[in-house]
Amino acid sequence: MFQLWFKRLAQVALMLVMISGLYACNNPQVYGSIGVSSYGKMGNSGRVSGSISIGGRIR
Amino acid sequence: MRLFKLFFLVLFFLLYGCATQQPNLPSITDTPTGKYLPGKIVWHDLITHTPEASKRFYGELFGWEFEDQGLDFGFGRTVNYSLIRHQGELIGGMIDANLFQRANPAELSQWVVVMSVADIDKAVDVVQDSGGKLLTAATDVADRGRLALVEDSQGASFALLQTRDGDPADREAPPGGFLWDEVWPADVKLASAFYTRLTGLQSDTLATAGGGEYHYLKSAEKPRFGLLQQPVKQLSPTWTSYIRVQQPAAVAERVAELGGRVLLPVQDRDAGGQAALIAGPSGAGIAIQSWQQAPSAAAK
């Protein structure tokens, strides 16, 4: 009786693990692990300060 | 009992299918060259939580056209990926950040530069050995090749791509096209060492009018990308791309009406012309720059 219950429990546990594994299917790959962007961290706090007068293509 | 076994069998095949399913991203060029240009920024992907507003913004400002792909990720799931064309040429892609199922997809919005590498496995090793971080291991994305998402040693994220059929040939960017790419690290010398080791490109500098130096990496005499010490206080290390425009002031004037923001107003450049930093409706930053091509200058 105990063995039967233990077996059932193990089956249910395995089933739950496999079902939770399916969750990974929802994650689009490659860019799914992208972090918060620098611009995203900055928020919508209006204009920023700085200068790109020496940046950009030079040749 | 049989029901259990059948259920397990179905689950197993679902998981197997999930593990083996890869996104089939289209090639980055209509005309494969078969040649590899390591270190060249060959593609730009916009991750945005406002795809429709972004299409209008970039379409109106730069004349871009978007082709929806609806990539199949298996089991009936599709991801909204759009190819971006300018004057008929493929120049980038756009992916809907809402599909990443994050608490705040707006914070993910960004332009990702994609750098060509000859051997992606070696490149990933170099990134990790040089203090960078692997965000997504090299993944086979079918027609596009193999793609990995990484961070440099100072936290700027970008993608590495070993194209399947070769990189797009160098060509001059027309107005509305990607003109230049630049990484904005906290320490330019460290960044230069990191990217030189990763790409095999040569480091060089150019004296600026103000007595400073502009750092860039080049292949033979062809500049590939620049390195500029964090020009904006509020931004952590990041990559930023420049779009060629004829009149930055006229473009900047339209940014707000199209749902974007001007982050740094139009300013004169030391090397001539003007530039500004703007953000699209999703908050992803991009620079605009006027550029007068010298007759003898090499194509980007």
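**A walk through the complex**

Modeller: Let's begin with Arg171(B), which lies in the loop between E10 and E11 of chain B. Keep in mind that this is a predicted model.

Colleague: Is Arg171(B) buried or exposed?

Modeller: Arg171(B) counts as exposed, because there are 10 other C-beta atoms within 10 Å, and the cut-off for exposed is 12 or fewer.

Colleague: And what separation do the C-alpha atoms of Arg171(B) and Val150(B) have?

Modeller: Their C-alpha atoms are separated by 27 Å, and the two residues are 21 residues apart along the chain.

Colleague: Now the confidence. What pLDDT does chain B average?

Modeller: The average for chain B is 90, and 87% of its residues score at least 70. In residues 296–300 of chain B, though, the pLDDT is below 50. That stretch still has ten contacts in the model beyond near neighbours in sequence. Where pLDDT is low, the predicted coordinates should not be read in detail.

Colleague: What ipTM and pTM does the predictor give the complex?

Modeller: The ipTM is 0.81 and the pTM is 0.86.

Colleague: Switching to chain A, how many helices and strands does it have?

Modeller: Chain A has two helices and zero strands. Of its 59 residues, 25% count as buried.

Colleague: Back to chain B. What is the order of strands in the open sheet of eight?

Modeller: The order is E2-E5-E6-E1-E7-E10-E9-E8 (chain B), and the pairing is mixed. E2 (65–68) and E8 (133–140) of chain B stand at the edges with a single partner strand each, so one side of each has no neighbour in the sheet. On average, neighbouring strands of this sheet are turned by 25 degrees against each other, direction ignored.

Colleague: How do E5 and E6 of chain B run?

Modeller: They are antiparallel, with six bridges joining E5 (residues 81–86) to E6 (residues 89–96) of chain B. Within that pair, Tyr81(B) stands opposite Ile95(B) in E6(B).

Colleague: Which strands of the sheet does H3(B) touch?

Modeller: H3(B) packs on the sheet and touches E8, E9 (145–151) and E10 (157–163) of chain B. The direction of H3(B) makes about 175 degrees with that of E8(B).

Colleague: Let's move to H4(B). How many residues does it have?

Modeller: H4 of chain B has twelve residues, 188–199. From first C-alpha to last, H4(B) reaches 16 Å, close to the 16 Å expected at 1.5 Å a residue.

Colleague: Which residues of H4(B) are buried?

Modeller: The buried ones are Val188(B), Ala191(B), Ser192(B), Phe194(B), Tyr195(B), Leu198(B) and Thr199(B). They cover an arc of only 165 degrees around the axis, so they sit on the same side of H4(B).

Colleague: What do they pack against?

Modeller: The buried residues of H4(B) pack against helix H3 (120–129) and strands E11 (178–184), E12 (202–207), E13 (213–219) and E14 (222–227) of chain B. After H4(B) comes Gly200(B), whose phi is positive, near 80 degrees.

Colleague: You mentioned E11(B). Why is it largely enclosed by the rest of the structure?

Modeller: Because seven of the seven residues of E11(B) are buried.

Colleague: Which strands does E11(B) pair with?

Modeller: One of them is E15 (residues 238–244) of chain B, which is antiparallel to E11(B) and joined to it by six bridges. There, Asp181(B) has Ser241(B) as its bridge partner. E11(B) also pairs with E14(B), in the parallel sense over two bridges, and Glu182(B) stands opposite Gly226(B) in E14(B).

How values were computed. Residues numbered from 1 in each chain as written. Chains lettered and ligands numbered in written order. Predicted model: local features only at pLDDT ≥ 70, side-chain atom pairs only at ≥ 80, totals over all residues. pLDDT = per-residue confidence, 0-100. Contact = placed C-beta atoms within 7 Å. Helix = DSSP H or I, 4+ residues; strand = E, 2+ residues; numbered from the N terminus. Expected span 1.5 Å × (residues − 1). Buried ≥ 20, exposed ≤ 12 C-beta atoms within 10 Å, placed from the backbone. Arc of directions from axis to C-beta. Pairing = 2+ DSSP bridges. Axes fitted to C-alpha atoms, helices over the stretch in contact; angles between N-to-C directions.
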